Amino acid sequence: MEMISRYGTPSTRLISLLKAFDYPFRHVRSGDKFLVLTDDQMDPLIWQSMMAALHARGAEACLCLYPKRAYHCADPSPLAIGAAREADVVIALTTTALNSGTPGLRQIRSEGGARGKTPIWLWEEINQEILLDGGGAATEVDIIEMCGVQQRLGEIFDAGKEVRVTSELGTDLTADITGYPPGALASRWGAIPFERDHQTGRFGLSPGTWPFGEFHVEPLPGTANGKVVWDVTAQHPPGRWERPVTLTIENGRVVDIAGGHEAREIREYLQRHGDENSWICGGEISIGTNRLCPPRTGNMRSEKKRYGAMHFGIGHGADRGLVTSRLRLEGISDRVTMVVDGQHTVARDGEILV
């Protein structure tokens with residue numbers, strides 16, 4: 001992930017970038033209505049190539065470009081929310097993360113053109129090297145393999161009651177994972193992404209993140225206890241970290257954030273942009289399944305999909321809908337071990353075993 005910093009990004013790279021959309025846009029056809037949300041910090045070559053790829057397939061694509069939001073999970077421009085009412089699919093190609101806990105995103109999902117459930121494909125924080133040389137270069141064979149792993153993980157977690165996550169650098173967290181509908185996790189995470197609904201013909205709510213590749217479960221609010229060590233990076237502060245950050249969690253709430261200057265920045269970020277619920281462990285416990293994502297890039301979009309790494313989120317939980325917060329913050333723990341119900345070791349030291 002050093003080519004951009006060494007050599008810059010020539011405009012001729014647009015040629016290669018067009019190919020990067022072949023898999024995720026494989027079912028796009030004439031008449032589909034896409035809204036692309038982006039901001040003034042996103043690489044223009046990426047949104048230009050995305051728009052070109054959509055138009056080449058006959059879709060009607062509209063670009064909504066607005067100033068970068070002040071923090072992760074802040075709502076997009078109100079004008080963008082209005083435009084989304086007419087879209088079949090919304091693509092979030094932004095440099096700040098979006099999630100469905102914010103009022104604007106909930107409005108898009110409930111009022112959009114896709115009959116009340118507008119798919120939002122999350123492509124935040126993406127860059128050229130992710131698309132061309134990293135996790136975004138995944139082929140159909142790669143995707144099918146990831147979905148198989150994710151489905152098998154889902155079957156174990158669907159039958160489980162508790163998960164324990166540990167890592168060499170000190171993560172040791174337990175949480176209750178009950179309360180999902182039967183078979184929900186296997187069905188969701190085993191689904192092939194960017195598919196159309198066979199009955200309606202519209203794009204459904206199957207996963208739409210790119211690069212693809214994760215399995216996650218949300219802890220039941222109030223049940224997470226222990227420590228999580230973010231040892232690679234987080235959404236804030238971005239980039240490669242010098243020192244890890246340790247979150248101490250009691251009864252589902254972060255009660256301490258310890259470490260160097262990264263920990264200090266996280267505390268200040270939460271105090272400045274978050275609310276009381278932003279400290280609750282309502283976000284996800286996730287393991288990446290994409291082997292094409294390289295290690296230690298410092299880029300959250302790639303790191304959170306990286307095979308064997310966990311991203312752990314505090315704040316809003318989209319799955320259960322029991323925790324709504326102003327901010328959700330995610331960070332990375334490398335090479336985790338995950339055990340369900342004390343007997344099913346689904347991953348050991350970053351190697352998935354199912």
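**Salt bridges, cores and sheets in a predicted model**

Glu284, Lys304, Arg328 and Glu330 are linked in a network of salt bridges. By salt bridge I mean a side-chain nitrogen of Lys or Arg within 4 Å of a carboxyl oxygen of Asp or Glu.

Before I continue, a word on the source. This is a predicted model, in which local features need pLDDT of at least 70 and side-chain atom pairs count only at pLDDT 80 or more, whereas totals for chains, interfaces and linings use all residues. Residues are numbered from 1 along each chain as its sequence is written, and side-chain values use heavy atoms, with hydrogens and water left out.

Let me stay with the charged pairs. The structure holds 19 salt bridges. The term buried stands for under 20% relative accessible area, exposed for over 50%, and partly exposed for what lies in between, with a 1.4 Å probe and protein chains only.

A further bridge joins the side chains of Arg301 and Glu124, at 2.6 Å from N to O. Arg301 belongs to helix α10 (residues 300-303) and Glu124 to the loop between β4 (120-122) and α6 (128-133), so this pair ties together parts that are 177 residues apart in sequence. Both Arg301 and Glu124 are buried. The helices here (H or I, at least four residues) and the strands (E, at least two) are DSSP runs, numbered from the N terminus. Glu303 and Arg306 also meet through their side chains in a salt bridge, at 2.7 Å from N to O. Glu303 is buried at 0% relative accessibility, and Arg306 is buried at 5%.

I turn to the nonpolar interior. In soluble globular proteins, nonpolar side chains tend to be buried together. A nonpolar core is here a set of buried Ala, Val, Leu, Ile, Met, Phe, Trp, Tyr and Cys residues joined through side-chain atoms within 4.5 Å. The largest such core has 45 residues, and those with the most contacts inside it are Phe157, Trp230, Ile257, Ile285, Phe312 and Met338. Helix α9 (residues 261-273) supplies the largest share of this core, four residues. Apart from it lies another core, of 34 residues, including Phe34, Met42, Ala53 and Cys147.

What does Trp230 touch beyond its neighbours within four places in sequence? Its contacts, meaning heavy atoms within 4.5 Å, include Trp241, Leu247, Ile266, Phe312 and Glu330.

The strands come next. Two strands pair if DSSP finds at least two bridges between them. Strand β8 (residues 225-230) pairs with strand β9 (residues 245-250) in the antiparallel sense over five bridges, and Lys227 has Thr248 of β9 as its bridge partner. On to β10 (residues 253-259): β9 pairs with this strand in the antiparallel sense over six bridges, and Leu247 stands opposite Ile257 in β10. The hairpin of β9 and β10 has two residues between the strands, and Asn251 takes a positive phi near 50° there.

There is also an open sheet of four strands, in the order β7-β11-β12-β13, with antiparallel pairing. Which strands form its edges? They are β7 (214-217) and β13 (328-333), each of which pairs on one side only. On average, neighbouring strands of this sheet are turned by 20° against each other, direction ignored. Within the sheet, three bridges join β11 (residues 285-288) to β12 (residues 310-315), and Ile287 stands opposite Met310 in β12. Helix α7 (residues 140-159) lies across β7 and β11, running at about 15° to β7. For such angles, axes are lines fitted to C-alpha atoms, for helices over the stretch in contact, and the values run from 0 to 180 degrees between N-to-C directions.

Ile46, in helix α3 (residues 44-56), is buried, with a relative accessible area of 0%. Leaving aside neighbours within four places in sequence, Ile46 is in contact with Leu17, Phe21, Leu93, Ile126, Asn127, Gln128 and Leu131. Gln128 in turn meets Arg13 in a side-chain polar contact of 3.0 Å. A polar contact is a pair of N or O atoms within 3.5 Å; within protein, one must be able to donate a hydrogen and the other to accept it, and residues adjacent in sequence count only if both atoms are side-chain atoms. Arg13 lies in the loop between α1 (3-7) and α2 (14-19) and is buried, with a relative accessible area of 18%.
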